[in-house]
Amino acid sequence: MSGFANEVSSSPLSFWSYFMDHRSADLQLLWSHTWLSVVPVVLGLVIALPLGWLSNRFSWSYPPIMTVSGLLYTIPSIALFVLIPPLLHLDQLSELQVPIALTVYSVALLVRVVADGLGSVSEDTRQAATAIGFTPLARLLKVDLPIAVPVITAGLRVAVVSNVSIVAIAGTIGFQNLGNLFTTGYQLSSGTSPYYPPIVLGLVLCVILALALDALVILAGRGLTPWRRAARG
Amino acid sequence: MIRRSISIVVVVGLGLGLAACGKDSSKTGSSNGATSGSSGTVASKLIMGGSAEFKTRANGLPGLKKNYGVVFGKYTVTDTGGPVTVGALVNGQIDAADIFSTDPSIKKYGFVSLKDPKNNFAAQNITPLVTKSKATPGVEAVLNAVSAKLSQQALVDMVSQAITDKEDPAAVAKAFLAKNPINMPGKASGVSLSVGSSNFPESVVLGNLYSQALASAGAKVTDKFNIGSREKYYPALKAGSINMFPEYNGALASYLDNSTSASSTAEVMAALKKALPSSIVALTPAQAQDNDSVMVTKATAQKYHLVSIADLAKKG
């Protein structure tokens, strides 16, 4: 009622006009949400590859590495965001604390995937590779890892999509990303009349972003495994 | 609905039980009107709602009990004067609430703010804080000029524009400065500083207001709005990663010194200046305040003849 009087609709469906009214700010949020979702996964993969290889190569290291990385994932994200600045002597408002926290989660998710992916390479394949003259390093890079790509890709899809949702939590403690739209909508709600447009916009953009990043990971996985397409015909 | 009826049953049951065992043991006026003495008062029939922190802080529930002998039948934790609190009060899940005095929902729903004659709630003037190294006479003059124009009505109007009319906080601040120009070109030139705000609409509007005024006076301003709670922005201010912040003098004073009993603006400012580190300067407070207040619906106020918080301690 009062919403119409002020020509601002609180209907969930007016998220599009909210977007048009705050386009540059919203795109800024979408952009920072995107890089906050992607960079930690890339860093996480870079860290997880040697750890995963280690736990696959030396089977005694598998249980402790998996336990520790599994435990990392159970740390609540808000706690991690609050803990990181004092632990690393960062400024309270440092932009770095969010990507650092998300990198921790990505490592936690990806170590197991890398290890299991490498473990999925059959013994016959390994022996054949060694027999035709691959050094251990060359075999890892040219035989084992390519064969593990489908498994690692599956893990990356989970990591990148879960990052999209965890980044939004950082919005509630003041970091600029799509999560801010949720707090904005909440704060501009008044008592019995909720203000939906920014909340719905945040949801829609998060879902679109997650779907887009997921599709990118799938495409990258396909690009790295051309023989699978050939096999499928 | 079920929860509500359960809580009503519980409150009624508790009330009956207390009334049965402690009949006429109330001495509501005296400061010693402790729990058993509160039976039969208006407050004992009411559910109060507010933040978790209001339950324990000195001028929250303990202050209401100490100053007025008011003990509520039940306390329900909602949010800090936000939509959850307002919604619960409107829907009758709570009967009284800690709601801030600039909240546009007060006018919208016709809430009655109970008077606080004993000044249980401390002054909460908008008070600019500045990093000492950035507090040049020019910067101070610009910030003080803005604060001087910040009347209670001006603040209430701006918050209403931001929350009710969903106007952009930056636009609200710009319109205010256009109507109340400070005209100090070049006064703060050569100073570069970052201006912060908390992440609720009033704070963002105030951050924009001081930031735009500084920029119009030639300062190089970086905005760091929407920082979370005081636990987050105060260390940043202390460390100098933000240089200017629109604070509430009473809230910051009790954050820095939990035992403070300062109440009036002058007392609060004295306490604040004592508690602040030498690296942060508190400037002259604006007239505008955003106080805690005990808010009830018009119907509740009429039913129990409530005008002041003290009326809650009367026999109901």
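## Where the chains meet

In this predicted model, 18 residues of chain A are in contact with 25 residues of chain B. On the chain A side, the biggest contributor is helix 9 (residues 179-187), which gives 4 residues.

## A strand tucked inside chain B

Now look at strand 5 of chain B, which covers residues 126-131. Here 6 of the 6 residues are buried, so the strand is largely enclosed by the rest of the structure.

In a regular strand, side chains alternate between the two faces of the sheet. For strand 5 of chain B, both faces are covered. B:Ile126, B:Pro128 and B:Val130 are buried on one side, while B:Thr127, B:Leu129 and B:Thr131 are buried on the other.

## Its neighbours in the sheet

Which strands does strand 5 of chain B pair with? One is strand 8 (residues 244-248) of chain B, joined to strand 5 by 5 bridges and running antiparallel to it. Within that pairing, B:Thr127 has B:Glu247 as its bridge partner.

Another is strand 9 (residues 280-282) of chain B, again antiparallel, with 3 bridges to strand 5. There, B:Thr131 is partnered with B:Ile280.

Chain B has a mean pLDDT of 88, and 88% of its residues reach 70 or more. Residues 1-36 of chain B are another story: pLDDT stays under 50 there, and the model has 39 contacts beyond four places in sequence for this stretch. As for the overall scores, ipTM is 0.75 and pTM is 0.81.

Definitions and conventions: Residues numbered from 1 in each chain as written. Chains lettered and ligands numbered in written order. Predicted model: local features only at pLDDT ≥ 70, side-chain atom pairs only at ≥ 80, totals over all residues. Contact = placed C-beta atoms within 7 Å. Helix = DSSP H or I, 4+ residues; strand = E, 2+ residues; numbered from the N terminus. Buried ≥ 20, exposed ≤ 12 C-beta atoms within 10 Å, placed from the backbone. Pairing = 2+ DSSP bridges. pLDDT = per-residue confidence, 0-100.
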